[in-house]
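These are my notebook entries on a two-chain model. I recorded strands, sheets and helix packing in turn.

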Amino acid sequence: MKRSFAVVTDSTADLPAEWHEQFGIEVVPLKVIFGQETFRDRVDITDEQFFSRLAASNVLPKTSAPSPGEFAQVYQRLARDHDGCISIHIGATLSATAEAARVGATSVEGFRVEVVDSQTVSMPVAFLCHVAAECPTLDDAVAEVRERVSKTRVLALLDTLRYLEMGGRLSRAGAMIGTMLDLKPLLLVKDGEIKPVDRVRTRSRAIAHMIDYFRSDQPVEYLGVMHAQSAEDAGRIAGDLRKELPDQEITVGQIGTVLGTHVGPKALGIVYIKR
Amino acid sequence: MGAPAKLVGVDGPLFKRALLGSLSWLAANHEEVNRLNVFPVPDGDTGTNMLLTLQSAVEDLKESNAAEVSKIAKLASHGSLMGARGNSGVILSQIFRGFARAVEGKSTLTPAELAAAFEEAANAAYRAVNKPTEGTILTVAREAGRAAATAASAPEANVPRVIAAAAAGARAAVLKTPTQLQILRDAGVVDAGGFGLQLILEGMLKTFEESEQFLQTLAETKKPHAPASQVSLALPEGGWGYCTEFLIEGTNLDTDLIRNQIEALGNSVLVVGEPELVKVHVHTDDPTTVINLAGRYGRLMKINVGDMSTQHRRILQREGAPETEGAAPAPTRANGVGIVAVVAGRGLVEIFRGLGVDAIIEGGQTMNPSTQDMLTAIESVPYDDVILLPNNGNVIAAAKQVIGLTKKKVHVIETHSVPQGVSAVVAFRADRPAEENVRAMKAEAERVQTIEVTHAVRDTRSNGLKVKKGDVIGLINDRLEFAGEDYGEVVNKALGRLGPDSYELVTVYRGEQASDAELAKLESAIRANYPGLEVEVQQGGQQHYPFILSVE
């Protein structure tokens with residue numbers, strides 16, 4: 001079945017590699033910049049290369065959104081054999097990517113681009129792309145995706161707050177984490193906001209708290225477990241969840257380089273779209 | 001015999017003199033009580049705690065001319081309750097409370113009534129303690145009461161003899177305490193709290209044997225230094241106003257009415273007392289109006305107005321802490337629950353503040369804050385539910401006294417150590433109701449293991465361990481377990497005892513006296529022996545304990 005419209009996202013969606021082919025989803029990379037060197041997320045640098053550089057570097061890399069021009073190029077290419085596209089991106093409160101997409105879209109005449117601010121990050125964006133890809137028409141896709149935006153959740157467990165804080169993505173105002181103690185904060189991304197929901201001293205207790213929180217937030221339509229260089233922990237969490245939810249498909253994925261810059265190594269996440 | 005008529009019974013003025021005698025005698029000898037410390041750790045000083053409690057007991061009655069013994073006893077009871085510090089201070093306050101109850105409504109006491117009041121005082125102390133232990137101040141109070149009763153039943157009984165018998169009974173009981181408690185026997189000392197009570201009774205007796213003038217000079221020359229504990233709070237907008245305190249002396253004073261009126265003029269309002277004497281404490285921007293209002297009810301005494309913004313700045317300057325912080329805690333918390341903690345050490349104070357604690361009472365190991373200190377901090381917090389973390393075994397009893405002294409709902413989580421306190425606060429969540437928080441915080445506090453490392457302050461045997469003065473000693477959850485030559489050795493043994501496989505993280509709170517080299521050495525010793533444990537170092541700045549470790 002050939003869709004008449006295209007589905008576009010960006011590299012922070014952590015789209016499983018096979019979905020690109022399988023569902024025909026287009027990925028526009030963000031960039032990560034180490035000093036003078038610029039890499040396109042997951043194009044010029046692999047996740048493994050990135051995290052070993054991150055660990056070795058004493059300054060935090062910078063990240064940047066794709067330019068409107070880069071989006072325009074993609075849309076122009078897609079305009080050749082599609083009559084429109086839905087472009088689903090990382091939350092506008094977290095990145096300038098969605099805004100760049102919107103501006104880029106205005107320069108492509110005669111091609112309908114529906115930009116969706118997902119208000120979330122990581123694999124829930126990929127889930128939204130999947131929802132869109134399964135729709136027969138662009139109008140349906142836009143309606144189905146928009147309806148789910150407020151149901152996306154990212155439950156993130158950071159091994160340290162250092163990266164998020166250095167990247168300026170979280171204010172310490174939530175007094176819960178305003179301390180010099182190295183707490184493991186459990187964060188919830190919902191409606192485009194990052195909120196601390198719990199804080200724990202040790203990793204194993206933090207994982208237990210994260211799973212407990214997820215248990216109280218069911219049922220779900222889509223479910224994934226994300227990790228940054230912590231495949232073993234992610235596998236264990238997914239295994240535990242599969243026992244509890246035998247009928248639920250659970251996708252395990254890696255956090256990409258741009259997001260990795262902000263969450264730091266060993267971050268874990270349970271990501272889902274609520275029913 | 002020829003005893004003067006005024007000595008037939010104990011009236012208000014006589015009882016007041018007796019208590020002043022107790023105070024000066026205890027003041028003269030409290031260091032000796034301090035030296036009876038059973039444990040080789042630098043500990044809360046029993047003598048100092050009892051002295052400060054007794055000082056608070058006589059604070060208000062010094063100004064009173066009440067003729068009735070019941071009124072003086074009531075003032076002493078209330079004053080000691082507010083000033084209670086440490087476990088022995090709390091028990092002492094209960095002794096005063098029992099005494100006051102027993103003499104309620106009486107203007108003078110016969111020798112028999114006095115003896116009965118001593119006995120009831122001991123009973124009240126027993127009732128106040130969860131698990132009464134013999135060989136402590138409780139036993140001494142009971143034996144003093146018994147001896148007093150025996151003396152009162154003798155045909156030639158008089159007041160001085162009853163008190164003399166009580167003091168002698170106390171002394172005999174104190175000497176026997178090592179036969180009742182193994183720890184006293186091991187340490188070769190008598191019970192400190194019991195000895196303190198003996199001194200208090202002896203001091204009363206001196207009132208009859210010495211001239212008034214002599215007592216006066218004794219009281220003047222033996223002024224104890226002020227307690228070091230101090231409430232430290234975040235500065236609210238517009239400053240603190242003035243801490244205004246005074247006594248109202250009058251007739252048929254209605255404390256509820258006065259409280260209602262004063263509450264409209266400020267916060268942290270405390271109005272307590274009797275129909276004849278009321279103590280008022282309020283933080284207000286307008287002390288003049290408060291004083292004018294109160295003056296309508298009776299004669300004002302001991303008026304004390306302090307500018308708290310100045311005081312607060314002074315405290316902050318002394319601490320060297322910044323006056324304003326980048327991210328002040330939000331003034332309103334969804335669940336309406338505040339947190340107050342007893343903490344000492346600059347780094348630890350910052351850690352607790354950063355975790356969201358609303359008010360900190362500086363104190364702990366060797367400077368146990370009083371019930372009043374904690375009450376003031378609790379009243380300063382803008383929440384009606386307040387969780388109180390004593391963070392030290394010696395502070396728990398005084399902390400529990402706060403419940404019922406305030407209209408606020410106070411939840412004491414019995415944290416015995418800094419690591420327990422940190423674990424408890426970490427588990428606090430602003431979106432959870434008080435009871436749920438208390439449950440979760442208790443559970444987290446119990447999960448963590450505490451290792452405290454210090455130097456023995458004396459030779460002793462404790463818990464089957466021979467310790468020499470100056471040795472490095474390690475305590476696991478308040479229990480002396482290891483002694484050795486250096487920190488690394490003792491800590492490694494303690495970690496081995498806990499079983500490192502069941503734990504992930506060791507947090508080292510470095511004390512004031514630990515050097516960089518000692519810290520580095522300790523860190524590498526832990527990492528070398530227990531590679532599976534994550535080690536985090538925090539600057540605690542606490543005194544007396546070069547290292548406190550949290551194992552979880």
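Which residues of strand β9 (residues 409–412) of chain B form its covered face, and which its uncovered one? I found B:Val410 and B:Val412 on the covered face, and B:Lys409 and B:His411 on the uncovered one.

**Conventions.** I note that the model is predicted, that local features need pLDDT of at least 70 and side-chain atom pairs pLDDT 80 or more, and that totals for chains, interfaces and linings use all residues. Residues are numbered from 1 along each chain as its sequence is written, while chains are lettered from A and ligands numbered from 1 in the order in which they are written.

**Entry 1, chain B strands.** I looked up the partner of β9(B): strand β8 (residues 385–389) of chain B runs parallel to β9(B) and is joined to it by four bridges. Strands are DSSP E runs of at least two residues and helices H or I runs of at least four, numbered from the N terminus; two strands pair if DSSP finds at least two bridges between them. B:Ile387 has B:His411 as its bridge partner in β9(B). Between β8(B) and β9(B) the chain passes through helix α16 (residues 396–402) of chain B, in a right-handed β-α-β crossover (clockwise from the first strand over the helix to the second, with the strands pointing away from the viewer).

**Entry 2, chain B helices.** I then checked helix α17 (residues 418–426) and helix α18 (residues 434–447) of chain B, whose axes come within 7 Å and cross at roughly 145°. Axes are lines fitted to C-alpha atoms, for helices over the stretch in contact, with angles from 0 to 180 degrees between N-to-C directions. Residues B:Gln420, B:Ser423, B:Ala424 and B:Val426 of α17(B) meet B:Met441, B:Glu444, B:Ala445 and B:Arg447 of α18(B) (contact: C-beta atoms, placed from the backbone, within 7 Å).

In chain A I traced an open sheet of four strands, ordered β2-β1-β6-β7, with parallel pairing. The edges are β2 (25–28) and β7 (112–117) of chain A; each has a single partner strand, so one side of each is left without a neighbour in the sheet. The twist averages 25° from one strand to the next. Four bridges pair β1 (residues 5–10) with β6 (residues 84–89) of chain A in the parallel sense, and A:Ala6 stands opposite A:Cys85 in β6(A).

Helix α3 (residues 68–79) of chain A lies across β1, β2, β6 and β7 of chain A, at about 160° to β2(A). Helix α4 (residues 97–106) of chain A lies across β1, β6 and β7 of chain A, at about 165° to β7(A).

Key. A residue is buried if 20 or more other C-beta atoms lie within 10 Å of its own, exposed if 12 or fewer, and partly exposed in between; C-beta atoms are placed from the backbone.
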